[in-house]
Amino acid sequence: MARTREFDLDAAVIAAMNVFRSKGYEGTSMRDLSEATGLGSGSIYAAFGSKDGLYLAVLDLYRQRYATPIVDLLRSGNDARAVIREVFIGAVDDITGDGRHLSCLIVGASMERAHQDVRVADRLRSTTQSLELALYDLLAEAQVRGQITTDRSATDLAGFLVTSLQGLRVMGAINPDRAALTRYAEVALTCLD
């Protein structure tokens, strides 16, 4: 008779996510993951197959916890400028809010793993495309209503804003100065004028 798992998979993935955000993929050892999750390496391998399998589960959870709420906000039907500003200021809050300065897993995975692992690249591409599409829909509607500039296509504006948002996260990892990051966010939003 097979043994029943006696641990919470979601809690293990959350704990692993914090380790990967703090140390990156390469800097995270199985010992780190065991200590963070409270699971032995055998249990991690049984549940996820490998460190890579756990990392992929972490990327999926990260999308669910961080990217999906942003997409939902962008699709809320509220004023485009206000919603996009809220997304950017939310990113600043995330970067500077808890004092831990955990890196954005999307940025970290892009730099560290996307060029080596097609499964990681596919997940990152899917996540960023969902953000771009939600932004595109919001921006295209705002252009039709005359609320934002039509000097640039909604496609280009959406791509620029996702790029700026990720750049903000990179700069926040280097220097998590709230006032400076807020100013940079405000400059990015001028593309809507």
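# Exercises on a predicted helical model

Arg21 is a residue of helix H1, which covers residues 9-23; helices here are DSSP runs of H or I with at least four residues, numbered from the N terminus. The model is predicted, so local features need pLDDT of at least 70 and side-chain atom pairs count only at pLDDT 80 or more, while totals for chains, interfaces and linings use all residues. Residues are numbered from 1 along each chain as its sequence is written, and side-chain values use heavy atoms, with hydrogens and water left out.

## Exercise 1. Arg21

Task: decide whether Arg21 is buried or exposed, and find which side chain Arg21 joins in a polar contact.

Solution. Step one is the accessibility class: buried means under 20% relative accessible area, exposed means over 50%, and partly exposed is in between, with a 1.4 Å probe and protein chains only. Arg21 has a relative accessible area of 6%, so Arg21 is buried. Step two is the partner: the side chains of Arg21 and Tyr66 are joined by a polar contact of 3.2 Å. A polar contact is a pair of N or O atoms within 3.5 Å; within protein, one must be able to donate a hydrogen and the other to accept it, and residues adjacent in sequence count only if both atoms are side-chain atoms.

## Exercise 2. Helix H2

Task: describe the surroundings of Ser34 and the salt bridge of Glu35.

Solution. Ser34 is located in helix H2. Its relative accessibility is 18%, and therefore Ser34 counts as buried. Contact means heavy atoms within 4.5 Å. With neighbours within four places in sequence set aside, Ser34 is in contact with Leu39, Gly40, Ser41 and Ile44. A polar atom of the Ser34 side chain lies 3.5 Å from the backbone nitrogen of Ser41. Ile44 is ten residues from Ser34 along the chain, and the C-alpha atoms of the two are separated by 7.7 Å.

Next comes the charged pair. A salt bridge is a side-chain nitrogen of Lys or Arg within 4 Å of a carboxyl oxygen of Asp or Glu. Glu35 forms one with Arg31, with the closest N and O atoms 3.9 Å apart. Both residues lie in H2 (residues 30-37), four residues apart, about one turn of the helix. Glu35 is exposed at a relative accessible area of 59%, and Arg31 is exposed at 65%.

## Exercise 3. Other salt bridges

Task: state how many salt bridges the structure holds, then examine the pairs Asp93 and Arg178 and Asp117 and Arg119.

Solution. The structure holds 16 salt bridges. In one of them, the side chains of Asp93 and Arg178 meet at 2.5 Å, N to O. This pair links distant parts of the chain, 85 residues apart: Asp93 is in helix H5 (residues 80-96) and Arg178 is in helix H9 (residues 178-189). Asp93 counts as partly exposed at 35% relative accessibility, and Arg178 counts as partly exposed at 39%.

The side chains of Asp117 and Arg119 also meet in a salt bridge, at 2.8 Å, N to O. One network of salt bridges with shared partners joins Glu26, Asp52, Arg113, Asp117 and Arg119. Within the pair, Asp117 is buried at a relative accessible area of 8%, whereas Arg119 is partly exposed at 38%.

## Exercise 4. Helices H5 and H7

Task: check the span of each helix and list what their buried residues pack against.

Solution. The expected span of a helix is 1.5 Å times one less than its number of residues. H5 has 17 residues and reaches 24 Å from its first C-alpha to its last, close to the expected 24 Å. H7 has 27 residues and should span 39 Å; its end C-alpha atoms are 38 Å apart, which agrees.

The buried residues of H5 include Val87, Phe88 and Ile95. Those buried residues pack against helix H4 (51-74), helix H7 (118-144), H8 and H9. At the start of H5, a side-chain oxygen of Asp79 comes to within 3.4 Å of the backbone nitrogen of Arg81.

Among the buried residues of H7 are Leu124, Leu131 and Leu138. The buried residues of H7 pack against H4, H5, helix H6 (105-112) and H8. Just after H7, Gly146 takes a positive phi of about 75 degrees.

Key:
Helices (H or I, at least four residues) and strands (E, at least two) are DSSP runs, numbered from the N terminus.
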